[in-house]
Amino acid sequence: MENQKQYDICLISSALIESVPTPPAGVPSLVAYLKAQGYFPLVLDLDLFFKKIIPAYRFFLFLECQLIFARQSRFNVPISNKNAKKIQKVNDFKSIGRRGLKKIGKALLGQVRKWKNSSFKIQSFTLERTFEMLNDNTNFSDIEKRLKSLLEERIKDVKMVGISVTYPDQILYSLLTAKIIKQIDKDVFIVLGGSQITTYINKFINDHGLSKFVDAFIVHDGEEGLCELIDAVQNNKPFNFIPNLYYRDQNSFKASEKVDYVMPLEKYMTPDYDGYDLTDYPEDMLSIRTLRGCYWGKCTFCSYSYTGGKFRVFTDLEFVIDSIKTLQEKNKVRRFEFIDDSLPAKFLKKIAE
(Lines give C-alpha, C1' and ligand atoms only; values in the text may rest on other atoms or scores of the structure.)
Protein backbone atom coordinates (compact mmCIF):
# COMPACT_ATOMS: atom_id res chain seq x y z
CA MET A 1 0.00 0.00 0.00
CA GLU A 2 1.22 3.48 -0.80
CA ASN A 3 2.36 5.83 1.93
CA GLN A 4 -0.91 7.34 3.16
CA LYS A 5 0.66 10.54 4.52
CA GLN A 6 0.03 12.07 1.12
CA TYR A 7 -3.76 11.92 1.51
CA ASP A 8 -5.63 15.03 2.63
CA ILE A 9 -8.70 13.11 3.78
CA CYS A 10 -10.08 9.58 3.89
CA LEU A 11 -13.62 9.34 2.51
CA ILE A 12 -15.58 6.32 3.70
CA SER A 13 -18.73 4.76 2.27
CA SER A 14 -20.12 3.27 5.46
CA ALA A 15 -21.12 -0.36 5.93
CA LEU A 16 -24.78 -1.10 5.21
CA ILE A 17 -27.15 -3.73 6.61
CA GLU A 18 -28.76 -4.40 3.23
CA SER A 19 -26.79 -5.02 0.04
CA VAL A 20 -26.84 -2.55 -2.86
CA PRO A 21 -26.29 -3.46 -6.54
CA THR A 22 -24.19 -0.40 -7.43
CA PRO A 23 -21.73 1.90 -5.60
CA PRO A 24 -23.22 5.09 -4.11
CA ALA A 25 -22.78 8.39 -5.95
CA GLY A 26 -22.22 10.65 -2.92
CA VAL A 27 -18.55 9.95 -2.23
CA PRO A 28 -17.59 9.85 -5.96
CA SER A 29 -19.10 13.34 -6.36
CA LEU A 30 -16.96 14.59 -3.47
CA VAL A 31 -13.87 12.88 -4.90
CA ALA A 32 -14.31 14.67 -8.25
CA TYR A 33 -14.68 18.06 -6.59
CA LEU A 34 -11.78 17.58 -4.17
CA LYS A 35 -9.43 16.52 -6.96
CA ALA A 36 -10.41 19.58 -9.01
CA GLN A 37 -9.44 21.76 -6.04
CA GLY A 38 -6.03 20.10 -5.73
CA TYR A 39 -6.79 17.75 -2.82
CA PHE A 40 -5.93 14.06 -2.80
CA PRO A 41 -8.57 11.85 -1.11
CA LEU A 42 -8.24 8.23 -0.05
CA VAL A 43 -11.46 6.29 -0.70
CA LEU A 44 -12.56 3.30 1.40
CA ASP A 45 -15.56 1.27 0.29
CA LEU A 46 -16.09 0.02 3.82
CA ASP A 47 -19.42 -1.59 2.96
CA LEU A 48 -17.84 -4.17 0.66
CA PHE A 49 -14.69 -4.56 2.76
CA PHE A 50 -16.92 -5.30 5.75
CA LYS A 51 -19.07 -7.89 3.96
CA LYS A 52 -16.40 -9.66 1.92
CA ILE A 53 -14.81 -11.01 5.10
CA ILE A 54 -17.79 -13.39 5.28
CA PRO A 55 -17.42 -16.44 2.97
CA ALA A 56 -21.20 -16.94 2.66
CA TYR A 57 -21.61 -13.38 1.39
CA ARG A 58 -18.94 -13.89 -1.26
CA PHE A 59 -20.62 -17.13 -2.41
CA PHE A 60 -24.09 -15.59 -2.75
CA LEU A 61 -22.58 -12.52 -4.44
CA PHE A 62 -21.05 -14.86 -7.04
CA LEU A 63 -24.45 -16.51 -7.64
CA GLU A 64 -26.15 -13.14 -7.92
CA CYS A 65 -23.62 -11.91 -10.50
CA GLN A 66 -24.08 -15.05 -12.59
CA LEU A 67 -27.88 -14.72 -12.55
CA ILE A 68 -27.72 -11.05 -13.52
CA PHE A 69 -25.27 -11.77 -16.32
CA ALA A 70 -27.52 -14.52 -17.68
CA ARG A 71 -30.54 -12.25 -17.54
CA GLN A 72 -28.82 -9.38 -19.33
CA SER A 73 -27.12 -11.48 -22.00
CA ARG A 74 -30.11 -13.68 -22.86
CA PHE A 75 -33.11 -11.40 -22.46
CA ASN A 76 -32.02 -7.77 -22.80
CA VAL A 77 -31.63 -7.59 -26.59
CA PRO A 78 -31.11 -4.01 -27.84
CA ILE A 79 -33.96 -3.03 -30.17
CA SER A 80 -33.41 -0.94 -33.28
CA ASN A 81 -35.56 -0.24 -36.32
CA LYS A 82 -33.69 -2.97 -38.22
CA ASN A 83 -34.17 -5.82 -35.81
CA ALA A 84 -37.48 -4.84 -34.16
CA LYS A 85 -39.67 -6.97 -36.45
CA LYS A 86 -37.33 -9.95 -36.21
CA ILE A 87 -37.27 -9.75 -32.42
CA GLN A 88 -41.05 -9.45 -32.32
CA LYS A 89 -41.46 -12.67 -34.34
CA VAL A 90 -39.08 -14.52 -32.03
CA ASN A 91 -40.87 -13.16 -28.99
CA ASP A 92 -44.27 -14.20 -30.36
CA PHE A 93 -43.00 -17.72 -30.95
CA LYS A 94 -41.23 -18.06 -27.60
CA SER A 95 -43.26 -15.67 -25.48
CA ILE A 96 -44.65 -18.28 -23.11
CA GLY A 97 -41.27 -19.92 -22.52
CA ARG A 98 -39.48 -16.60 -22.18
CA ARG A 99 -42.00 -15.28 -19.67
CA GLY A 100 -41.70 -18.49 -17.68
CA LEU A 101 -37.90 -18.31 -17.62
CA LYS A 102 -38.00 -14.67 -16.61
CA LYS A 103 -40.30 -15.45 -13.69
CA ILE A 104 -38.08 -18.30 -12.55
CA GLY A 105 -34.95 -16.16 -12.91
CA LYS A 106 -36.52 -13.25 -11.04
CA ALA A 107 -37.67 -15.49 -8.19
CA LEU A 108 -34.27 -17.18 -7.95
CA LEU A 109 -32.45 -13.84 -8.00
CA GLY A 110 -34.68 -12.54 -5.22
CA GLN A 111 -34.00 -15.60 -3.09
CA VAL A 112 -30.24 -15.38 -3.63
CA ARG A 113 -30.30 -11.72 -2.59
CA LYS A 114 -32.28 -12.66 0.52
CA TRP A 115 -29.70 -15.31 1.42
CA LYS A 116 -26.88 -12.85 0.74
CA ASN A 117 -28.39 -10.24 3.06
CA SER A 118 -29.01 -12.81 5.80
CA SER A 119 -25.33 -13.80 5.73
CA PHE A 120 -24.34 -10.53 7.44
CA LYS A 121 -27.55 -8.81 8.49
CA ILE A 122 -28.06 -7.53 12.03
CA GLN A 123 -31.11 -5.89 13.50
CA SER A 124 -31.91 -2.33 12.41
CA PHE A 125 -32.67 0.24 15.10
CA THR A 126 -34.40 3.62 15.26
CA LEU A 127 -32.23 6.72 15.47
CA GLU A 128 -33.20 7.34 19.10
CA ARG A 129 -32.43 3.73 20.05
CA THR A 130 -29.09 3.94 18.23
CA PHE A 131 -28.09 7.03 20.24
CA GLU A 132 -29.26 5.36 23.46
CA MET A 133 -27.19 2.22 22.82
CA LEU A 134 -24.08 4.22 21.97
CA ASN A 135 -24.44 6.35 25.11
CA ASP A 136 -24.98 3.20 27.22
CA ASN A 137 -21.95 1.49 25.63
CA THR A 138 -24.02 -1.42 24.33
CA ASN A 139 -21.79 -4.33 23.35
CA PHE A 140 -21.18 -4.46 19.59
CA SER A 141 -17.91 -6.32 20.03
CA ASP A 142 -18.18 -8.47 16.87
CA ILE A 143 -18.94 -5.50 14.63
CA GLU A 144 -16.34 -3.29 16.30
CA LYS A 145 -13.67 -5.97 16.07
CA ARG A 146 -14.30 -6.38 12.36
CA LEU A 147 -14.32 -2.61 11.78
CA LYS A 148 -11.08 -2.17 13.69
CA SER A 149 -9.33 -4.91 11.70
CA LEU A 150 -10.40 -3.21 8.46
CA LEU A 151 -9.53 0.34 9.48
CA GLU A 152 -6.39 0.10 11.58
CA GLU A 153 -3.89 -0.16 8.72
CA ARG A 154 -5.97 1.57 6.05
CA ILE A 155 -6.27 4.88 7.91
CA LYS A 156 -2.75 4.86 9.25
CA ASP A 157 -1.32 8.41 9.18
CA VAL A 158 -4.64 9.88 7.94
CA LYS A 159 -5.55 12.94 10.03
CA MET A 160 -9.04 13.61 8.67
CA VAL A 161 -11.93 11.24 7.86
CA GLY A 162 -15.26 11.91 6.18
CA ILE A 163 -18.04 9.31 6.53
CA SER A 164 -20.96 9.26 4.09
CA VAL A 165 -24.36 8.31 5.54
CA THR A 166 -26.77 7.80 2.65
CA TYR A 167 -29.16 5.14 3.97
CA PRO A 168 -30.90 4.84 7.38
CA ASP A 169 -29.28 1.44 7.99
CA GLN A 170 -25.85 3.07 7.74
CA ILE A 171 -26.33 5.30 10.77
CA LEU A 172 -25.32 2.74 13.40
CA TYR A 173 -22.34 1.50 11.37
CA SER A 174 -21.22 5.07 10.63
CA LEU A 175 -21.22 6.06 14.30
CA LEU A 176 -19.46 2.83 15.31
CA THR A 177 -16.88 3.53 12.59
CA ALA A 178 -16.29 7.02 14.00
CA LYS A 179 -15.97 5.56 17.50
CA ILE A 180 -13.42 2.95 16.37
CA ILE A 181 -11.37 5.55 14.47
CA LYS A 182 -11.15 7.70 17.60
CA GLN A 183 -9.96 4.65 19.52
CA ILE A 184 -7.26 4.06 16.91
CA ASP A 185 -6.20 7.72 16.89
CA LYS A 186 -8.04 10.26 19.05
CA ASP A 187 -6.56 13.16 17.06
CA VAL A 188 -8.21 12.21 13.76
CA PHE A 189 -10.81 14.82 12.77
CA ILE A 190 -14.09 13.09 11.87
CA VAL A 191 -16.91 14.67 9.86
CA LEU A 192 -20.18 12.99 8.87
CA GLY A 193 -22.33 13.98 5.90
CA GLY A 194 -24.94 12.65 3.51
CA SER A 195 -28.70 12.62 3.13
CA GLN A 196 -29.37 11.01 6.53
CA ILE A 197 -27.29 13.64 8.31
CA THR A 198 -29.16 16.41 6.49
CA THR A 199 -32.57 14.88 7.27
CA TYR A 200 -31.93 14.34 10.99
CA ILE A 201 -29.37 17.03 11.75
CA ASN A 202 -31.32 18.45 14.70
CA LYS A 203 -31.31 15.04 16.39
CA PHE A 204 -27.61 14.51 15.71
CA ILE A 205 -26.46 17.86 17.08
CA ASN A 206 -28.69 17.57 20.16
CA ASP A 207 -27.19 14.25 21.23
CA HIS A 208 -24.17 15.47 23.14
CA GLY A 209 -22.79 11.96 23.53
CA LEU A 210 -21.77 12.02 19.86
CA SER A 211 -19.26 14.78 20.59
CA LYS A 212 -17.01 12.09 22.09
CA PHE A 213 -16.20 10.74 18.62
CA VAL A 214 -17.64 13.13 16.01
CA ASP A 215 -16.06 16.53 15.34
CA ALA A 216 -18.45 17.94 12.72
CA PHE A 217 -21.47 17.36 10.48
CA ILE A 218 -21.99 18.68 6.94
CA VAL A 219 -25.53 19.07 5.59
CA HIS A 220 -26.97 19.67 2.10
CA ASP A 221 -24.28 20.19 -0.59
CA GLY A 222 -20.99 19.11 0.92
CA GLU A 223 -18.43 19.79 -1.80
CA GLU A 224 -17.39 23.35 -0.95
CA GLY A 225 -17.84 22.91 2.77
CA LEU A 226 -15.58 19.86 2.83
CA CYS A 227 -12.87 21.66 0.86
CA GLU A 228 -12.92 24.60 3.26
CA LEU A 229 -13.00 22.25 6.25
CA ILE A 230 -9.88 20.42 5.05
CA ASP A 231 -8.11 23.75 4.68
CA ALA A 232 -9.27 24.86 8.14
CA VAL A 233 -8.14 21.63 9.83
CA GLN A 234 -4.77 21.62 8.08
CA ASN A 235 -4.06 25.32 8.76
CA ASN A 236 -5.83 25.79 12.09
CA LYS A 237 -8.44 28.21 10.74
CA PRO A 238 -11.84 28.98 12.36
CA PHE A 239 -14.91 26.98 11.30
CA ASN A 240 -17.64 29.60 11.73
CA PHE A 241 -17.93 30.57 8.03
CA ILE A 242 -17.60 27.11 6.43
CA PRO A 243 -20.69 26.33 4.29
CA ASN A 244 -23.30 23.92 5.69
CA LEU A 245 -21.21 22.95 8.72
CA TYR A 246 -22.07 22.08 12.32
CA TYR A 247 -18.89 21.78 14.36
CA ARG A 248 -18.05 20.56 17.84
CA ASP A 249 -17.74 23.30 20.46
CA GLN A 250 -16.61 21.58 23.67
CA ASN A 251 -19.40 19.03 24.39
CA SER A 252 -21.99 20.35 21.94
CA PHE A 253 -22.31 21.31 18.27
CA LYS A 254 -22.50 24.82 16.86
CA ALA A 255 -23.83 25.92 13.47
CA SER A 256 -21.65 27.96 11.16
CA GLU A 257 -23.02 31.21 9.78
CA LYS A 258 -23.52 29.63 6.33
CA VAL A 259 -25.54 26.49 7.09
CA ASP A 260 -28.07 27.24 4.34
CA TYR A 261 -25.53 27.65 1.54
CA VAL A 262 -26.59 26.50 -1.94
CA MET A 263 -23.78 25.58 -4.31
CA PRO A 264 -24.11 27.01 -7.84
CA LEU A 265 -24.97 24.43 -10.48
CA GLU A 266 -21.90 25.16 -12.56
CA LYS A 267 -19.69 23.86 -9.74
CA TYR A 268 -21.08 20.32 -9.84
CA MET A 269 -18.81 17.73 -11.43
CA THR A 270 -19.04 14.29 -12.98
CA PRO A 271 -18.61 11.66 -10.22
CA ASP A 272 -15.20 10.02 -9.94
CA TYR A 273 -15.41 6.33 -8.97
CA ASP A 274 -11.67 5.91 -8.39
CA GLY A 275 -11.23 3.85 -5.24
CA TYR A 276 -14.20 1.58 -5.94
CA ASP A 277 -13.70 -1.90 -7.33
CA LEU A 278 -16.68 -1.98 -9.67
CA THR A 279 -16.19 -5.70 -10.33
CA ASP A 280 -17.31 -6.30 -6.73
CA TYR A 281 -20.81 -5.05 -7.49
CA PRO A 282 -23.40 -7.36 -9.07
CA GLU A 283 -24.88 -4.78 -11.44
CA ASP A 284 -22.72 -3.45 -14.29
CA MET A 285 -24.19 0.01 -13.77
CA LEU A 286 -23.32 3.41 -12.28
CA SER A 287 -25.49 5.98 -10.56
CA ILE A 288 -25.59 9.61 -11.68
CA ARG A 289 -27.61 12.72 -10.91
CA THR A 290 -29.07 14.98 -13.57
CA LEU A 291 -30.49 17.50 -11.11
CA ARG A 292 -30.50 18.46 -7.46
CA GLY A 293 -33.78 18.54 -5.63
CA CYS A 294 -37.39 17.80 -6.49
CA TYR A 295 -39.36 19.96 -8.94
CA TRP A 296 -42.65 18.92 -7.28
CA GLY A 297 -41.82 18.94 -3.57
CA LYS A 298 -45.44 18.62 -2.38
CA CYS A 299 -45.83 14.95 -1.46
CA THR A 300 -47.03 14.68 2.14
CA PHE A 301 -45.08 11.46 2.78
CA CYS A 302 -41.73 12.93 1.69
CA SER A 303 -39.31 14.87 3.92
CA TYR A 304 -37.58 16.61 1.03
CA SER A 305 -39.46 19.88 1.41
CA TYR A 306 -37.98 20.12 4.93
CA THR A 307 -34.42 19.08 4.14
CA GLY A 308 -33.69 19.42 0.44
CA GLY A 309 -33.74 23.15 -0.08
CA LYS A 310 -34.73 24.66 -3.39
CA PHE A 311 -35.14 22.79 -6.64
CA ARG A 312 -32.25 23.29 -9.07
CA VAL A 313 -32.07 21.57 -12.43
CA PHE A 314 -29.14 21.02 -14.75
CA THR A 315 -30.37 23.20 -17.60
CA ASP A 316 -27.24 22.40 -19.59
CA LEU A 317 -28.01 19.04 -21.16
CA GLU A 318 -24.44 18.82 -22.42
CA PHE A 319 -23.30 18.35 -18.82
CA VAL A 320 -25.54 15.30 -18.43
CA ILE A 321 -24.52 13.77 -21.76
CA ASP A 322 -20.82 14.49 -21.19
CA SER A 323 -21.03 12.88 -17.73
CA ILE A 324 -22.54 9.73 -19.20
CA LYS A 325 -19.89 9.61 -21.92
CA THR A 326 -17.06 10.20 -19.45
CA LEU A 327 -18.24 7.50 -17.05
CA GLN A 328 -18.87 5.09 -19.93
CA GLU A 329 -15.39 5.50 -21.39
CA LYS A 330 -13.49 5.53 -18.11
CA ASN A 331 -15.31 2.71 -16.31
CA LYS A 332 -16.37 0.58 -19.30
CA VAL A 333 -20.04 0.51 -18.30
CA ARG A 334 -23.10 0.64 -20.56
CA ARG A 335 -25.90 1.06 -18.05
CA PHE A 336 -26.75 4.03 -15.85
CA GLU A 337 -29.23 4.68 -13.09
CA PHE A 338 -30.67 8.16 -12.55
CA ILE A 339 -30.91 8.73 -8.79
CA ASP A 340 -32.69 12.08 -8.92
CA ASP A 341 -35.32 12.80 -6.28
CA SER A 342 -37.78 13.38 -9.11
CA LEU A 343 -37.17 13.84 -12.81
CA PRO A 344 -39.42 16.23 -14.80
CA ALA A 345 -40.92 14.53 -17.86
CA LYS A 346 -39.90 17.36 -20.20
CA PHE A 347 -36.32 17.26 -18.98
CA LEU A 348 -36.18 13.47 -19.33
CA LYS A 349 -37.49 13.77 -22.89
CA LYS A 350 -34.69 16.19 -23.74
CA ILE A 351 -32.10 13.79 -22.31
CA ALA A 352 -33.61 10.91 -24.29
CA GLU A 353 -33.45 12.90 -27.52
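Where is the place of Ser29? In this predicted model, Ser29 belongs to helix 1, which spans residues 26-36.

Is Ser29 buried or exposed? Its relative accessibility is 12%, and the cut-off for buried is under 20%, so Ser29 counts as buried. Leaving out residues up to four places away in sequence, Ser29 touches Glu223 and Pro271.

The rest of helix 1 gives the setting. Of its 11 residues, 8 are buried, so helix 1 is largely enclosed by the rest of the structure. The buried residues are Val27, Pro28, Ser29, Leu30, Val31, Ala32, Tyr33 and Leu34. Their cover includes three strands: strand 1 (9-13), strand 2 (41-45) and strand 3 (160-164). Helix 10 (223-235) is also part of that cover. Just after helix 1 comes Gly38, with a positive phi of about 90°.

Now turn to the nonpolar cores. Nonpolar side chains tend to be buried together in soluble globular proteins. The largest nonpolar core here has 46 residues. Those with the most contacts inside it are Ile12, Leu151, Leu175, Leu192, Phe204, Leu210 and Phe217. Helix 7 (residues 170-184) supplies the largest share of this core, 8 residues. A second, separate core has 45 residues. Among them are Ile9, Tyr33, Tyr268 and Leu327. Tyr33 is also one of the buried residues of helix 1.

Which residues is Phe204 in contact with, leaving aside its neighbours within four places in sequence? They are Leu127, Phe131, Ile171, Leu175, Gln196, Ile197, Leu210, Phe217 and Phe253. Leu175, Leu210 and Phe217 are also listed with Phe204 as having the most contacts inside the largest core.

Methods: Residues numbered from 1 in each chain as written. Predicted model: local features only at pLDDT ≥ 70, side-chain atom pairs only at ≥ 80, totals over all residues. Heavy atoms only, no water. Core = buried A, V, L, I, M, F, W, Y, C linked by side-chain atoms within 4.5 Å. Buried < 20%, exposed > 50% of the residue type's maximum accessible area, 1.4 Å probe, protein only. Helix = DSSP H or I, 4+ residues; strand = E, 2+ residues; numbered from the N terminus. Contact = heavy atoms within 4.5 Å.
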